[in-house]
Amino acid sequence: MFATKIGEDGKLLWAEAEDPVIKDDEVLLEVHAAALNRADLLQRAGQYPPPPGWPDRFGLEAAGVIKAVGKQVAAEGRWQVGDQVCALLGSGGYAEYVAVPEGLLMPIPKGLSMMEAAALPEVYGAAYLFLFLEGGLKAGDTLLMQAGASGLASVVIPMAKAFGARVLTTVMNDELEAAISHLPADRVINTSRESLAEVMKQELEAGHGVDICIDCLGGETAGQCLPYMNFDGRWIMIATLAGDPTTVDLRSMYARRTRLIGTNLRSRTPAQKKKLLTDMVDLIWPKVESGEIRPTIFKVFPIQQAEEAQALMQSGKSAGKIVLTVR
């Protein structure tokens, strides 16, 4: 088969690779499309290695057709050769084929293309984890979603709105603010001309402070904003693109009962991921099929242009998901 590798010049190339061999509890997925995630860039930089047992290649989510099933999968009968599915992966989605544990497969929601389905597993799984399992989202909560032009935000914002939340989000400039105008955020905070900490203070004083923050930026801003969370607020750290260190006013945290939560999806066990994905399909897929929640596809590249696709993500100029087509 062919897969994306790092060439001698350090750039990505589409080259021959070993064929995957499936285990009894796995299926062989013929990949039709795969989506990019920030974790791909971290993995390429040597900061986010794949979990044990997964190939040393990129790609955390893909959609395609099952071409073969292991003995255990065949005996259970849930998945069949020919089924169209999307899959959450430890790595390896930038390829013609990938071996996938059966617990990481999901049916493609009715009405979605392969390209749209490829943009679901990682980002929807992460959104479900952050909003509901870590954040305990309920109707009437106020959510702050950092980096509103990210692929994750393109899912989190409509998902939170579909379940009755009020949503604030941040962008870095006017161009990105315009790019996310289609998302149903209640307030877009343009940090090129507004202080996030000051906005949060105003929101708190107005009686509708932030209950949940999903923060992929971190840095100095995180510590500045923590004192302005609602009582029992949950500040959920998922990445630190703006820097690892910050200064935290610990007195304000215990006084307001604020919880600072670090989390990710990739490091969870296969059993944990299977449970999460099963619950997510039951709760979220009906809203995907009804059109209440749909992935925002920013740009599609052929798999042979994975280098250009990752460069676009690295530039910070994308607003939504970037997808690679394999077939």
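The buried residues of helix α10 (residues 270-289) are covered by elements that include β5 (84-88), β7 (105-107), α4 (121-134) and α5 in this predicted model, contact meaning heavy atoms within 4.5 Å. Those buried residues are Lys273, Leu276, Leu277, Met280, Val281, Ile284, Trp285, Lys287 and Val288 (buried: under 20% relative accessible area with a 1.4 Å probe, protein chains only). An α-helix has 3.6 residues a turn, so residues three or four places apart point the same way. Helix α10 also has a kink of about 40°, centred on valine 281; the bend is the angle between axes fitted to the seven residues ending at a residue and the seven starting there. Just after α10, glycine 291 adopts a positive phi of about 90°.

Turning to the sheet, six strands form an open arrangement in the order β10-β9-β8-β11-β12-β13, with parallel pairing. Strands β10 (187-190) and β13 (259-262) are at the edges, each pairing on one side only. Here helices (H or I, at least four residues) and strands (E, at least two) are DSSP runs numbered from the N terminus, and pairing requires at least two DSSP bridges. Strands β8 (residues 142-145) and β9 (residues 166-171) run parallel and are joined by four bridges, with leucine 143 opposite valine 167 in β9.

Helix α7 (residues 196-205) lies across β8, β9, β10, β11 and β12 (229-237), at about 150° to β10. Angles run from 0 to 180 degrees between N-to-C directions, with axes fitted to C-alpha atoms, for helices over the stretch in contact.

Residues are numbered from 1 along each chain as its sequence is written. In this predicted model, local features need pLDDT of at least 70 and side-chain atom pairs count only at pLDDT 80 or more, while totals for chains, interfaces and linings use all residues; side-chain values use heavy atoms, leaving out hydrogens and water.

Conventions: Buried < 20%, exposed > 50% of the residue type's maximum accessible area, 1.4 Å probe, protein only.
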